[in-house]
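Welcome! Here is a short briefing on a structure for you to explore. Have a look at it first, then read on.

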Amino acid sequence: MYRGREGQWAFYLHRISGVAIILFLTLHVTEISSSMFGPKWFNALLAFEANPIFGLGLVGVAALVLYHALNGLRIILMDFTSWGVKYQRQLWYGVWALYVVIGFPMLFAMLGHVFGGGE
Amino acid sequence: MAMRARRFEEAKRLASSNLELAWWIFMRVSGVLLVFLVLGHLYTRAVIFDFHHDLNYDHMVRVMNSVTWKFYNWLLLFLSILHGTNGLRYIIDDYIASGRARAWVKIIVYTLVFLVTAFGTLALWGWNYQPME
């Protein structure tokens, strides 16, 4: 139906972002749950994660999550409306328009935390 | 077997079982809920909260002891784990041709997912967090 065109890119990006997100999710749940081990362990973990590399990693995961969320809504429109499949390509451009509108403020806020002075 | 239907009518026709159709519907329903829960999580934990400077053990104690956040995070944990694991199952079914390898990969993935979910549930509901002295 749309091999090699936007629809296939949308599909592969959805899969790749999904796999990356579930990998991050397992690490994230483990990391946050390890607060059970007490302040000494948890503050040491946070000190290790203070490296901006981890902050940039979070920005990257947030970017994948936003794409997966918006393209997921596009898939639902394709599944449950009579017009979604016909306009799937236009919907994908809509996904990217929303991505920029929502993503840029998020990006600046998160980069502000990672590279700003705090307070 | 996972299916790649693009329409609800098609999904109903292609589903190999009622369970498979239920998973297809679950992915859509949990997906809509997760858009709000995950973006809410990102907004409260990464946008308006300075996670790089203001996150520490005492802050975690307050969040983890809040009943509201316990429910929010538990719902977020369960829906995202189920949605993500079922997505992985579709991908495993699509790309691993050998039935034997597929079975092993699934056993390993489901075991890891179960352990992580149990760990997260214990952290949310089975632990008493004490502030630092």
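Chain B has 5 helices and 0 strands, and along its sequence the pattern reads α-α-α-α-α. Keep in mind that this is a predicted model.

**Chain B on its own**
- The radius of gyration of chain B is 19 Å, whereas a compact globule of 133 residues would have one near 14 Å.
- Along the principal axes, the C-alpha atoms of chain B fill a box of roughly 60 × 30 × 25 Å.
- Of the 133 residues in chain B, 11% are buried.
- Take the contacts in chain B between residues at least 6 apart in sequence: 60% of them join residues at least 24 apart.

**Where the chains meet**
- Chain A gives 34 residues to the contact, and chain B gives 34 residues.
- On the side of chain A that touches chain B, at least two residues come from each of α1 (6-33), α2 (39-48), α3 (52-80) and α4 (88-115) of chain A.
- α3(A) provides the largest share of that side, with 11 residues.
- Sorted by class, the side of chain A that touches chain B holds 22 nonpolar, 10 polar and 2 charged residues.

**One helix pair up close**
- Two packed helices are described by the angle and the distance between their axes.
- For α4(A) and helix α2 (residues 18-47) of chain B, the axes come within 10 Å and cross at roughly 30°.
- Here A:Met106, A:Ala109 and A:Met110 of α4(A) meet B:Leu42, B:Ala46 and B:Val47 of α2(B).
- Which classes of residue make up the contact of α4(A) with α2(B)? There are 6 nonpolar residues, no polar and no charged ones.

How values were computed:
Residues numbered from 1 in each chain as written. Chains lettered and ligands numbered in written order. Predicted model: local features only at pLDDT ≥ 70, side-chain atom pairs only at ≥ 80, totals over all residues. Contact = placed C-beta atoms within 7 Å. Helix = DSSP H or I, 4+ residues; strand = E, 2+ residues; numbered from the N terminus. Nonpolar A, V, L, I, M, F, W, Y, C, P; charged D, E, K, R; others polar. Axes fitted to C-alpha atoms, helices over the stretch in contact; angles between N-to-C directions. Rg over C-alpha atoms; globule rule 2.2 N^0.38 Å. Buried ≥ 20, exposed ≤ 12 C-beta atoms within 10 Å, placed from the backbone.
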